Number of protein chains: 2
Amino acid sequence: MLAIAAARLGFRCHIFSPEAESPAFDVAAERTIADYADDTALVHFAKAVSVVTLEFENVPVSTLKVLERHVPVAPGPSALAIAQDRLSEKEFVASLGLETAPYRCVNDPADLERALSELGIPAILKTRRLGYDGKGQFKVNSASEVPTAWTALQGAPVILEGFVPFSREVSVIATRASSGAFTAFDVTENEHRNHILACSVVPARIGAPAAKAAMDAAHRIGEGLGYVGTYAVEFFVVGDGSDERMIVNEIAPRVHNSGHWTLDAAITCQFEQHIRAVAGWPLGNPMRRFDCEMLNLVGEDIGAWSELARQPSTKIHLYGKREMRPGRKMGHVTRPLLRQEQTRCRDF
Amino acid sequence: MLAIAAARLGFRCHIFSPEAESPAFDVAAERTIADYADDTALVHFAKAVSVVTLEFENVPVSTLKVLERHVPVAPGPSALAIAQDRLSEKEFVASLGLETAPYRCVNDPADLERALSELGIPAILKTRRLGYDGKGQFKVNSASEVPTAWTALQGAPVILEGFVPFSREVSVIATRASSGAFTAFDVTENEHRNHILACSVVPARIGAPAAKAAMDAAHRIGEGLGYVGTYAVEFFVVGDGSDERMIVNEIAPRVHNSGHWTLDAAITCQFEQHIRAVAGWPLGNPMRRFDCEMLNLVGEDIGAWSELARQPSTKIHLYGKREMRPGRKMGHVTRPLLRQEQTRCRDF
């Protein structure tokens with residue numbers, strides 16, 4: 001989707017990927033298939049392009065550092081380094097005076113027992129690196145589960161997060177230019193099923209002060225990271241009315257699934273906004289055209305595609321993945337929400 | 001733009017082009033560079049894909065016939081054959097009972113003198129094949145210009161068209177599925193400068209009966225051609241009020257520049273609609289979201305790109321052409337038209 005947005009602005013894309021089959025190859029002018037540690041390939045790639053960006057937050061920081069010696073890289077390695085590690089991310093967010101879930105760094109089962117007694121039960125054990133869609137997480141419901149939890153995450157560096165009794169999950173998709181210019185899309189409300197985003201609805205059902213707090217937090221995070229490009233900040237909403245509070249859950253240093261609605265319902269989409277930022281263009285207008293919901297087509301949901309393609313107000317996007325697997329994101333749809341009172345995240 | 005629309009629906013594109021550098025290569029998975037007469041390459045290509053379509057009406061009919069023996073081709077060779085020749089196109093349109101500019105087939109200077117005396121002066125001499133953007137045309141303003149006109153078109157087969165004193169030019173961008181399902185975008189009003197489309201505005205400033213007549217004419221043309229895909233019908237509007245009349249000027253058997261506004265201002269754009277038709281999908285919703293104007297960036301207009309990229313309500317599209325040439329379409333912008341009374345086709 002980034003390559004498509006770039007093409008529409010007249011840019012030619014060159015994709016670097018360690019995978020022999022990358023979906024981006026199908027919409028890009030050039031490709032390099034090489035390992036992230038292949039310095040020769042990296043230098044060759046860097047010299048062939050005028051700017052490098054990424055769509056995947058787990059590119060090794062060392063890879064970006066090699067590239068950065070030859071070509072601008074946005075977002076840069078220092079922002080990535082923070083966002084790749086849950087511990088440094090939480091420390092960074094806390095350093096800005098923003099609230100996070102309570103957490104403890106945990107190095108062994110004894111640490112875990114101590115942390116559990118401090119944070120209470122239930123709590124979530126999470127690997128510091130490489131987790132997504134619920135992978136690398138274990139919910140601890142009682143002290144007796146400590147050995148199982150420890151084994152499940154196979155000795156990877158972890159943190160324990162206290163459970164936040166949230167009423168909703170929301171996200172802000174924001175973009176920061178190297179000039180410091182900042183835009184954000186309207187706060188989006190997200191519903192997960194089996195730890196995978198099922199549905200996003202915009203606008204989120206939160207009060208105006210809470211929405212403003214989320215925007216401000218996202219802005220400060222972008223500034224603090226010196227971030228260039230589009231990124232997402234996920235929040236837990238706790239309390240309600242005048243007690244409504246935003247707790248930073250996670251930073252995603254990339255375009256984000258909960259921003260896919262912007263393709264159809266915002267003047268400028270998150271992908272174009274990212275390309276504009278990394279290319280040094282002025283940022284576009286993030287204004288939303290209408291209330292909407294985005295539904296992911298996960299695994300066998302894809303079976304509904306022809307019915308969805310037929311609905312006059314539904315915009316369907318299919319990712320062209322050749323194999324359906326349970327839990328795999330195969331596409332998504334965006335639909336206008338005609339009335340606030342409608343049931344949201346309807347099944348198709 | 002077709003390849004991008006296809007990618008968004010999950011299709012992989014394979015581009016066949018006789019040109020070593022085609023812009024579509026930059027957004028497609030596979031490419032074949034070969035001549036339109038290279039039957040071996042054509043058969044190889046046909047066997048590699050599940051359906052063939054075209055973005056350019058001057059692919060030889062013989063090429064499509066070779067392909068069609070191995071794979072569905074939409075639109076098909078018979079529709080192309082009619083639209084590639086101004087004479088057969090005019091005869092076809094007239095056979096449907098639709099009005100065209102008066103015309104005469106002209107084979108030599110004596111024919112031309114006779115046709116001029118019948119159709120009156122001024123009149124337009126046009127090559128039957130391969131004309132676009134005013135190329136292959138010569139406006140004859142007096143009988144004394146006959147030798148010059150004849151020489152200018154270098155003995156190519158031509159027709160003479162009587163001059164139509166039109167008040168405006170409009171177009172209908174329509175899509176027909178193989179099932180016969182038909183959709184059309186709202187009638188668009190077009191302004192040319194130096195024979196090149198400068199600006200399209202939608203809705204066109206014509207009465208509802210004239211708009212309906214244009215839609216009906218487009219529908220009958222699509223049916224008559226057995227067309228599958230998106231096509232444009234250009235009309236001259238003559239008379240006004242209850243005397244407003246639509247005269248068919250030209251059929252373009254492809255997506256059309258005057259439909260570029262649909263990328264930003266229609267629920268489904270002309271490119272997606274074309275892909276849906278040729279892939280056998282249900283057609284999308286052609287509804288327009290707002291009144292708008294599309295301005296082409298022709299030649300040195302491209303110098304305004306950074307100013308245009310900064311305007312909050314302007315959507316900019318650049319085509320990534322590496323060289324600017326006078327008269328070359330380098331990109332376009334779409335902007336909402338806030339009030340009917342506004343000056344239209346403002347310069348940037």
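Trp261(B) is buried in this predicted model, at 1% relative accessibility (buried means under 20% relative accessible area, exposed over 50%, partly exposed in between, with a 1.4 Å probe and protein chains only). Phe185(B), also with a relative accessible area of 1%, is buried too. These two rings make an edge-to-face aromatic pair, 6.0 Å centre to centre with 80° between the planes; rings of Phe, Tyr and Trp (its six-membered ring) pair if their centres lie within 6.5 Å, and planes under 30 degrees apart count as stacked, over 60 as edge-to-face and the rest as tilted.

Over all chains there are 14 aromatic pairs. One of them is stacked, since the ring centres of Phe16(B) and Tyr36(B) sit 6.4 Å apart and the planes meet at 15°. Here Phe16(B) is buried at 15%, whereas Tyr36(B), at 21%, is partly exposed. A further group, Phe11(A), Trp281(A) and Trp305(B), forms one aromatic cluster.

Residues are numbered from 1 along each chain as its sequence is written, and chains are lettered from A and ligands numbered from 1 in the order in which they are written. Local features need pLDDT of at least 70 and side-chain atom pairs 80 or more, while totals for chains, interfaces and linings use all residues; side-chain values use heavy atoms, leaving out hydrogens and water.
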